[in-house]
Amino acid sequence: MDETLEELFAVIEDRKETLPEDSYTASLFTHEKGENAVLEKLGEETTELVLAAKDDDHDEVAYEAADIVYHLLVLLSMKGMSLEELEAELQARR
Ligand SMILES: N=c1c2ncn([C@@H]3O[C@H](COP(=O)(O)OP(=O)(O)OP(=O)(O)O)[C@@H](O)[C@H]3O)c2ncn1[C@@H]1O[C@H](COP(=O)(O)O)[C@@H](O)[C@H]1O
C-alpha cells in the first residue's frame, strides 16, 4: 500500500512538472480553479463514500475511497507538501 501511494504521488508530481496535455492531473494544476475543483471533488466523493458505506457496497466503497486518496494526494502536491509530511503525522499518532 505504501509503495502504491508513493508511486501514485510520484506520478502526480511528474504531471505537475511536465504538464502533459492529455493528463487529467495536469489539468487540475493548470486550471484556474484547480484547487477549488479538487476540494469540490473531495467533498462530492466523501458524500458518495458515505452512501456506498450505508449500502454496504464494498466495490463502490473501494472506488470512492480510491478517488478520495488520489484527489487528496493531488491536494498535498498542490500545497507543495510531501508524502512524508502525511506519513509523519500518521506515525506520530501510533
Ligand atoms: N487515480 C487517478 C484518478 N482517480 C480519479 N481520476 C479522474 O478524476 C476524474 C473525476 O473522477 P470521478 O470518478 O469523480 O469522475 P466521474 O467519472 O464523474 O465519477 P462520479 O463523480 O460520477 O463518481 C475522472 O476524470 C477520473 O479519470 C483519476 N485520474 C488519474 N488517476 C491516477 O493518476 C495517474 C495519471 O493520470 P493522468 O494525469 O490522467 O495522466 C493515473 O495513471 C492514475 O494512477
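**Helix axes and the overall fold.** Axes are lines fitted to C-alpha atoms, for helices over the stretch in contact, and the angles between their N-to-C directions run from 0 to 180 degrees. The structure shown in these views is a predicted model, in which the chain has 5 helices and 0 strands, so that its pattern along the sequence reads α-α-α-α-α. Taken along the principal axes, the box filled by the C-alpha atoms of the chain is roughly 40 × 30 × 20 Å. Of the 94 residues in the chain, 13% are buried, and among contacts with a separation of 6 or more, 45% are between residues 24 or more positions apart.

**Close-up of helix 3 against helix 4.** The axis of helix 3 (residues 34-54) comes within 9 Å of the axis of helix 4, and the two cross at roughly 155°. Because angles over 145 degrees count as roughly antiparallel, helix 3 and helix 4 are therefore described as roughly antiparallel to each other, and the crossing between them is left-handed. On the side of helix 3, the contact involves E35, V38, K41, L42, E45, T46, E48, L49, A52 and A53, which meet E60, V61, E64, A65, D67, I68, H71, L72, V74, L75 and M78 of helix 4. By residue class, this contact of helix 3 with helix 4 is made up of 12 nonpolar, 2 polar and 7 charged residues.

**Close-up of helix 1 against helix 4.** Helix 1 (residues 2-18) and helix 4 (residues 58-78) have axes that come within 10 Å and cross at roughly 50°, which makes helix 1 oblique to helix 4. The crossing of helix 1 and helix 4 is right-handed. Helix 1 contributes L8, F9, I12, E13 and K16 to the contact, while helix 4 contributes Y70, L73, V74 and S77. The residues in this contact of helix 1 with helix 4 comprise 6 nonpolar, 1 polar and 2 charged.

In soluble globular proteins, nonpolar side chains tend to be buried together. Here the largest nonpolar core consists of 6 residues, namely I12, L28, V38, Y70, L73 and V74. Helix 4 supplies the largest share of this core, with 3 residues.

L19 counts as partly exposed because 13 C-beta neighbours lie inside 10 Å.

D56 is placed in the loop between helix 3 and helix 4, where its phi is positive, at about 55°, although D56 is not a glycine. D56 is exposed, since 8 other C-beta atoms are found within 10 Å.

G80 is located in the loop between helix 4 and helix 5 (83-92), and with 7 C-beta neighbours inside 10 Å it counts as exposed. Although G80 and E13 are 67 residues apart along the chain, their C-alpha atoms are separated by 9.7 Å.

How values were computed
Residues are numbered from 1 along each chain as its sequence is written. This is a predicted model: local features need pLDDT of at least 70, side-chain atom pairs count only at pLDDT 80 or more; totals for chains, interfaces and linings use all residues. Helices (H or I, at least four residues) and strands (E, at least two) are DSSP runs, numbered from the N terminus. Angles under 35 degrees count as roughly parallel, over 145 as roughly antiparallel, 65 to 115 as roughly perpendicular and the rest as oblique. A crossing is left-handed if the near helix is turned anticlockwise from the far one by less than a right angle, and right-handed if clockwise. Two residues are in contact if their C-beta atoms, placed from the backbone, lie within 7 Å. Ala, Val, Leu, Ile, Met, Phe, Trp, Tyr, Cys and Pro count as nonpolar, Asp, Glu, Lys and Arg as charged, and the others, Gly among them, as polar. A nonpolar core is a set of buried Ala, Val, Leu, Ile, Met, Phe, Trp, Tyr and Cys residues joined through C-beta atoms within 7 Å. A residue is buried if 20 or more other C-beta atoms lie within 10 Å of its own, exposed if 12 or fewer, and partly exposed in between; C-beta atoms are placed from the backbone.
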